[in-house]
Amino acid sequence: MSATAENPPTASAATAVATAVVAAAVAAAVEERVTARVITDDPLYRKIPVALRFAPAEPLAVRIVFPAGLSPEGTDNEWVFPRALLEAGLQAPTGTGDVRVWPCGRVQAVVEFHSPEGVAVIQFDIAALRRFLRRTNAPVTQPA
């Protein structure tokens with residue numbers, strides 16, 4: 001019989017492995033900076049910098065952060081919503097609440113944000129959103 005079979009790992013060894021896995025997940029937070037376009041009635045659109053964020057502590061959520069310059073309060077405007085909503089919205093229109101997502105042609109996607117102040121319609125490159133989502137899937141993949 002092997003030494004491993006005769007001497008199973010102790011609780012402290014299992015705790016050390018679990019701690020290492022958690023530390024790796026914490027270090028795997030994802031932030032992607034992209035340029036998006038504000039869609040209005042004006043024929044010219046306005047490009048804005050946007051941060052896409054994912055934290056392993058909230059594995060089912062994503063965050064889209066708009067710069068302070070777009071907010072009447074002069075602060076960053078952060079929207080938190082299900083990652084699955086963003087994923088599904090790249091394939092077909094989805095969402096019924098404050099955030100709605102749908103593909104717009106083959107290379108663009110639209111994310112619509114509803115608040116008491118009004119509606120913001122933002123267009124993203126699908127490739128940028130897919131790249132971000134691929135990066136968010138890596139930290140939450142569990143070993144077999």
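The model is predicted, so local features need pLDDT of at least 70 and side-chain atom pairs count only at pLDDT 80 or more, while totals for chains, interfaces and linings use all residues. Residues are numbered from 1 along each chain as its sequence is written, and side-chain values use heavy atoms, with hydrogens and water left out.

I placed Thr136 in helix α4, residues 126-140 (helices are DSSP runs of H or I, at least four residues; strands are runs of E, at least two; both are numbered from the N terminus). Thr136 counts as buried because its relative accessibility is 0% (buried is under 20% relative accessible area, exposed over 50%, partly exposed in between, with a 1.4 Å probe and protein chains only). I noted a polar atom of the Thr136 side chain 2.7 Å from the backbone oxygen of Leu133.

I next examined Ala28, which lies in the loop between α2 (11-27) and β1 (30-38). Ala28 counts as partly exposed because its relative accessibility is 22%. Its C-alpha atom is 7.7 Å from that of Ala55, 27 residues apart along the chain.

Finally, I looked up the largest nonpolar core, which has 28 residues, with Val50, Phe113 and Phe124 making the most contacts inside it (such a core is a set of buried Ala, Val, Leu, Ile, Met, Phe, Trp, Tyr and Cys residues joined through side-chain atoms within 4.5 Å). Helix α4 supplies the largest share of this core, 5 residues. Beyond four places in sequence, the residues that Val50 touches include Glu32, Ile64 and Phe124.

Conventions
Polar contact = N/O pair within 3.5 Å; in protein donor to acceptor, adjacent residues only side chain to side chain. Contact = heavy atoms within 4.5 Å.
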